[in-house]
Amino acid sequence: MPKILPPARFRKIRPPNANYTYFEDKNKNGHQFIPDAGFALSNASWLSEFAMLAYGNETFIRDKFNRFGLTADGFDLKFFDKDTTQCFVTRNDKIVVLSFRGTEIDNFWGAFEDWRRNLELLPEPDDSGGGVHKGFQKDLKAVWEKVRDYVRPLLEDCSGRRLWITGHSLGAALATLAAERAVRDAQFRVQGVYVYGSPRVGDEQFKQIYAARGLDRLHYRFVYNVDVVAKIPPGAAYRHVGQLKWIDTDGHLHDEMPDDAENLEELPARFGRRSCALLKNILGFTIPAPFANHAPIYYASHLWNNLP
């Protein structure tokens, strides 16, 4: 049975979605994580759920690991929380997954600080050699050294583990910056970067450097329908990286976005009445599609529904 998408109301779609069934059918053929894959739909599903879990606190994440069988399958967990940045590392004997949290929602002051960083819009020089979003850069720096030092022995213990990096929204931006640092600063081998509802992160020079480090071909950027966050910051100063994977309003996955999808005002008419019906906003009411489509539960549900 496919997952039923919740209505576009704040209390129904806000992460980390306590009522969601995480890693459903995880041991079924076609649903298993493939450690050495390039692009794999099953990996996209798993990583979207790790990205959604990153919105929870450590207790929440551990509870879901226990409840849905990841602990029993050999996954452990290390949680990082510094200033406005939160992420966790999980690993078993084949993979290491680094998952970053997006903009905080339930904590008012945490959300305020996240948005304050989000609005530090001007790109500034980064150790990568390109220009990147100032606020995103600050957020990653808060945890990077501790994360790097924790991950290093996990990848160097002769186990052959592969490193995967993921995140949604702000977490997607941090995942992108972390992937570049993982290659440049730590000399890690990154197997894949899967991001969901990602804003733009760096300038044209950063995009070129990202590709030169071999990351562009390993980076998959998922956009659901008319998710507005994929349109910011403005493209005049920033560029997206990686390979687009676009989910249409009916949940079908495509390798490209229609040409007219760049115009948010035309999209509802182009892709169906359901988008036009989302007229009201704020708590308890239907949230307009460009904002509702950003919810991580829609990414996770649609990707799971695409599995065989």
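In the predicted model, Lys3 lies over the face of Tyr20, at 4.4 Å from the ring centre. A second aromatic ring is also involved with this lysine: the charged end of Lys3 sits over the ring of Trp304, 4.8 Å from its centre. Tyr20 is itself part of an aromatic pair. The search of the whole structure returned 25 aromatic pairs. In the pair formed by Tyr20 and Tyr22, the ring centres are 4.9 Å apart and the planes stand at 75 degrees, so the arrangement is edge-to-face, the angle being over 60 degrees. Tyr20 has a relative accessible area of 6% and is buried. Tyr22 is likewise buried, with a relative accessible area of 1%; both values fall under the 20% cut-off.

Helix α2 comprises residues 41–53. The buried set consists of Ser42, Asn43, Ala44, Ser45, Trp46, Leu47, Ser48, Glu49, Phe50, Ala51, Met52 and Leu53. An α-helix has 3.6 residues a turn, so residues three or four places apart point the same way.

Two helix pairs were examined for their packing. Two packed helices are described by the angle between their axes and the distance between the axes. The axes of α2 and α11, the latter covering residues 296–305, come within 9 Å and cross at roughly 155 degrees. This angle is over 145 degrees, so α2 is roughly antiparallel to α11. The crossing of these two helices, α2 and α11, is left-handed.

The other pair is formed by α6 (residues 170–184) and α7 (residues 204–212), whose axes come within 10 Å and cross at roughly 55 degrees. With that angle, α6 is oblique to α7. A left-handed crossing is found for α6 and α7. Helix α6 has 15 residues and reaches 21 Å from its first C-alpha to its last, close to the 21 Å expected at 1.5 Å a residue. Of the 15 residues of α6, 13 are buried, and the helix is mostly covered.

Cis peptide bonds were assigned at two proline positions described here. Pro15 and Pro16 are joined by a cis peptide bond with omega of about 10 degrees. Pro16 is found in the loop between α1 (10–13) and α2. A cis peptide bond also joins Ile232 and Pro233, with omega of about -15 degrees. Pro233 belongs to the loop between β8 (219–224) and β9 (243–247).

The loop between β8 and β9 also contains Asn225. Asn225 is not a glycine, yet has a positive phi of about 50 degrees. With a relative accessible area of 3%, Asn225 is buried. A positive phi, of about 55 degrees, is likewise found at Asp83, which is not a glycine either. Asp83 is located in the loop between β1 (76–82) and β2 (85–91). At 59% relative accessibility, Asp83 counts as exposed, whereas Asn225 counts as buried.

Two further loop residues were considered together with C-alpha separations to residues elsewhere in the chain. Pro199 lies in the loop between β7 (190–196) and α7. Its relative accessibility is 6%, and Pro199 therefore counts as buried. Pro199 and Val229 are 30 residues apart along the chain, and their C-alpha atoms are separated by 5.4 Å. Ala295 is placed in the loop between α10 (289–292) and α11. Ala295 has a relative accessibility of 8% and therefore counts as buried. A distance of 9.0 Å separates the C-alpha atoms of Ala295 and Ser169, which are 126 residues apart along the chain.

Conventions: Residues numbered from 1 in each chain as written. Predicted model: local features only at pLDDT ≥ 70, side-chain atom pairs only at ≥ 80, totals over all residues. Heavy atoms only, no water. Helix = DSSP H or I, 4+ residues; strand = E, 2+ residues; numbered from the N terminus. Expected span 1.5 Å × (residues − 1). Buried < 20%, exposed > 50% of the residue type's maximum accessible area, 1.4 Å probe, protein only. Phe/Tyr/Trp six-rings, centres within 6.5 Å; stacked < 30°, edge-to-face > 60°. Lys NZ or Arg CZ within 6 Å of the ring centre and 35° of its normal. Axes fitted to C-alpha atoms, helices over the stretch in contact; angles between N-to-C directions. Parallel < 35°, antiparallel > 145°, perpendicular 65-115°, else oblique. Left-handed = near helix turned anticlockwise from the far one by under 90°.
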